[in-house]
Amino acid sequence: MEKIEIIKPDDWHVHFRDGDLLKAVVPETTRHFARAIVMPNLTPPILNEGDAIKYRKQIEEAIPRKDHFFPLMTLYLTESTNKIDLKNAYENGHVFAAKLYPAGATTNSDSGVKDLNKIMSVLETMSEIGMPLLIHGESTEKNVDIFDREKEFIDKTLDYICKRLPELRITLEHITTKEATLYVNEGKQNLVATITPHHLALNRNDIFVGGIKPHFYCLPILKREIHKNALIKVATSDENSKFFLGTDTAPHLIGDKETACGCAGIFNSSYALPILAQIFDDNRSIKNLEKFVSINGAVHYQIPQNKSKITLNKQLKPITFRKSLKVNRSEVIIFKPNFPVFWKNQVQN
Ligand SMILES: [Zn+2]
C-alpha cells in the first residue's frame with residue numbers, strides 16, 4: 001500500500017458562516033487542518049477588531065476538544081474602513097489579513113468596494129505594516145461575461161494595484177484561469193494565489209452536461225478544460241512556490257442550492273485532502289502535494305510551518321464519500337468529484 005506523510009496542512013480560505021451551520025462545518029475543517037484563514041462575508045460582515053474577536057470566539061466554541069486548530073481572522077474592506085482601526089486590529093494580533101470583495105462579486109458582497117480609489121490609502125497602510133491583502137479577483141461590470149470576469153479584473157484592477165503598491169503582499173484567491181496562473185507566475189514576488197480542489201477537479205462542462213448540477217456551481221465559476229489543466233500544472237509543478245491551497249469551502253443548505261435561484265458555493269472541506277492527493281497522484285506529482293497544502297502558504301504569510309504530520313494512504317478500492325452533513329432538519333451536500341478517489345486521510349471519518 002502506498003503511503004505518504006506530510007506536514008499537517010493549512011487551509012488559506014474557508015467560509016465557516018455562523019450559527020448552527022458554523023457548529024456543523026467547523027469540525028470538518030479542524031479534523032484535517034492546523035490553521036485556516038476565515039472569510040469575513042457574514043451578514044453583517046466582519047468589519048472591525050471587535051467583530052473579529054466575537055466571531056473568533058464562536059469558532060473556538062465549535063472546535064472539537066481533540067483538534068488543535070487556530071483560526072486566522074480577516075476583516076472585510078469597505079469604502080468606509082478606517083485605516084487606524086485596521087492597523088490596530090492587525091498589530092494587536094486579532095486580525096491576520098483583510099479581504100477585498102468588489103461589490104456584488106459573490107455571496108454577501110453587497111457592502112464590498114465599488115471605487116478602488118476610495119480604499120487606496122487603506123491599502124497603502126496595509127503595505128506599510130506588512131498586512132496581507134486577500135482579493136476576490138473578479139470584475140463586477142455588468143457587461144463583462146461571467147467566464148471573463150477574472151481576466152478582466154487582472155487586466156483592469158489587479159495590475160493597477162500591483163504597480164501602485166509593489167510592497168503590498170497580495171493573495172489572488174481561488175484562481176480559475178490560465179491567464180491568472182501566468183500573471184501570478186510572472187508577477188512580483190509577493191503576489192501569490194490560492195487554488196481550490198474543485199477548480200483542479202472539474203471544468204465547466206461538469207456543471208451543465210447531462211442536466212444542471214447546482215452542487216458544482218460556485219464563484220468564480222468553473223472554466224474550460226484548458227484552464228483547469230493550467231491550474232493543475234502550476235499546483236503540481238516541482239518549481240511551485242507561489243500557489244497553495246485555499247479550499248474556498250462554502251456551505252449552503254440544500255434548499256438554497258437546489259432552487260430556482262441557487263447560491264454559489266461548494267462545500268469541500270471533508271474530503272479536500274484525499275481529492276487533492278488523487279489529482280497530484282494522477283499527475284505523477286504526489287511528492288509536491290506537501291508544498292501545495294502545507295508549505296507555500298506559511299512561507300508567503302511568514303508564519304512557521306506546522307510541527308505535526310498527517311498520513312495519507314492509497315487504498316486498493318475507491319473511498320466512500322459521506323453524502324451530506326446534517327444541519328438541524330436540513331443538510332449540506334458534501335463535494336464529491338466525478339472520478340474515483342483512492343487516497344484516504346488517516347483521520348478521515
Ligand atoms: Zn470564498
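**Ground rules.** I call a residue buried if 20 or more other C-beta atoms lie within 10 Å of its own, exposed if 12 or fewer, and partly exposed in between, with C-beta atoms placed from the backbone. This is a predicted model, where I take local features only at pLDDT of at least 70 and side-chain atom pairs only at pLDDT 80 or more, while totals for chains, interfaces and linings use all residues. My numbering starts from 1 along each chain as its sequence is written.

Entry 1: I started with positive phi. Arginine 284 has a phi near 50°, a positive value in a residue other than glycine. I found arginine 284 in the loop between H11 and H12; helices (H or I, at least four residues) and strands (E, at least two) are DSSP runs, numbered from the N terminus. Is arginine 284 buried or exposed? It counts as exposed, because there are 9 C-beta neighbours inside 10 Å.

Histidine 174 also has a positive phi, about 35°, and is not a glycine. I place histidine 174 in the loop between S7 and helix H6 (178-186). Histidine 174 is buried, because 26 other C-beta atoms lie within 10 Å.

Then I looked for cis peptides. One joins threonine 43 and proline 44, with omega about -10°. Proline 44 sits in the loop between strand S3 (35-38) and helix H2 (49-62). Another cis bond runs from leucine 219 to proline 220, with omega near -5°; proline 220 is in the loop between helix H8 (205-208) and H9.

**Entry 2: the eight-strand sheet.** In what order do the strands of the open sheet of eight run? I read S2-S3-S4-S5-S6-S7-S8-S9, with parallel pairing; two strands pair if DSSP finds at least two bridges between them. S2 and S9 are the edge strands, each pairing on one side only. Neighbouring strands here are turned by 30° against each other on average, direction ignored; for such angles, axes are lines fitted to C-alpha atoms (for helices over the stretch in contact), and values run from 0 to 180 degrees between N-to-C directions.

I checked one pair in detail. Strand S7 (residues 170-172) and S8 are parallel over three bridges, and isoleucine 170 stands opposite leucine 191 in S8.

**Entry 3: the three-strand sheet.** I also found an open sheet in the order S1-S10-S13, with antiparallel pairing. Its edges are S1 and strand S13 (343-345), which each pair on one side only. The twist averages 25° from one strand to the next.

How many bridges join S1 to strand S10 (residues 309-314)? Five, and the two strands run antiparallel. I noted isoleucine 6 with its partner isoleucine 310 in S10, and isoleucine 7 with lysine 309. On the other pairing, S10 and S13 are antiparallel over three bridges, with leucine 312 opposite asparagine 345 in S13. H11 lies across S10 and S13, at about 145° to S13; I count two residues as in contact if their C-beta atoms, placed from the backbone, lie within 7 Å.

**Entry 4: helix H12.** I tested its length. The 13 residues of H12 (residues 289-301) should span 18 Å at 1.5 Å a residue, and the end C-alpha atoms are 19 Å apart, which agrees; the expected span is 1.5 Å times one less than the number of residues. H12 bends by about 45° at isoleucine 295, the bend being the angle between axes fitted to the seven residues ending there and the seven starting there.

The buried residues of H12 include Phe292, Val293, Ile295 and His300. Among the elements covering the buried residues of H12 are strand S1 (3-7), helix H9 (225-236) and helix H11 (272-282). H12 lies across S2, S8 and S9, at about 120° to S9. Just after H12, glutamine 302 takes a positive phi of about 55°.

**Entry 5: the core.** Which residues touch the most other members of the largest nonpolar core? Leu75, Leu133, Leu172 and Leu276 do, in a core of 92 residues; such a core is a set of buried Ala, Val, Leu, Ile, Met, Phe, Trp, Tyr and Cys residues joined through C-beta atoms within 7 Å. H11 gives the most to this core, with seven residues. Leaving aside neighbours within four places in sequence, leucine 133 has contacts including Ala97, Leu123, Met126 and Ile170.
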